[in-house]
Amino acid sequence: MPALTGQSITIEINSVAYTGVVAYAELLPQNNVTQYVTLSTTVPTKNPPTFQLQVRGLQDWTDAVQDGFSRAMWLAAAAGTTVGFELVVQDGTWTGNIMPVFPNAGGEATAVLENDLTFEVVGIPSFT
């Protein structure tokens, strides 16, 4: 995968850790606040946050013996079970579980085949 200093991601599918330095990886929080409006005031109320994990890297459809990441992600998405992740940005590490999604397959004949994947994170990721 293309190298970018400062972030790397590991996604574990069926006890196989797929680790790489990716072109893009970002954990996106959605801080959910609801404003309740009464006759005399507005009261903000904090609701549980939700998170998405966005990852961009190269497609890897190697055979089942090699368990390429794209192939493994496709099979995990078909099964519908969560998979673990670890995102490292500088000195911080975030871990948690994501719902797998179906990756893109193919693309322009002369292009480097990339995947842009957006995962829903289960709960709140741990930070160390």
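Helices (H or I, at least four residues) and strands (E, at least two) are taken here as DSSP runs, numbered from the N terminus, and two strands pair if DSSP finds at least two bridges between them. The model is a predicted one, in which local features need pLDDT of at least 70 and side-chain atom pairs count only at pLDDT 80 or more, while totals for chains, interfaces and linings use all residues. Residues are numbered from 1 along each chain as its sequence is written, and side-chain values use heavy atoms, with hydrogens and water left out.

Seven strands form an open sheet in the order β2-β1-β7-β8-β9-β6-β3, with antiparallel pairing. At its edges lie β2 (16-20) and β3 (24-30), each of which pairs on one side only. Strand β1 (residues 7-13) runs antiparallel to β2 and is joined to it by five bridges; Thr10 has Thr19 of β2 as its bridge partner.

Helix α1 (residues 69-79) packs on this sheet, touching β1, β2, β6 (50-58), β7 (83-89) and β9 (114-127), where contact means heavy atoms within 4.5 Å. With axes fitted as lines to C-alpha atoms, for helices over the stretch in contact, and angles running from 0 to 180 degrees between N-to-C directions, the direction of α1 makes about 50 degrees with that of β1.

Which residues of α1 are buried? With buried meaning under 20% relative accessible area, exposed over 50% and partly exposed in between (1.4 Å probe, protein chains only), they are Phe69, Ser70, Ala72, Met73, Ala76 and Ala77. Seen down the axis of α1, these buried residues fall within an arc of 160 degrees, taken from the directions from the helix axis to the C-beta atoms, so they line one face of the helix. On the other side of α1, Leu75, Ala78 and Ala79 are exposed.
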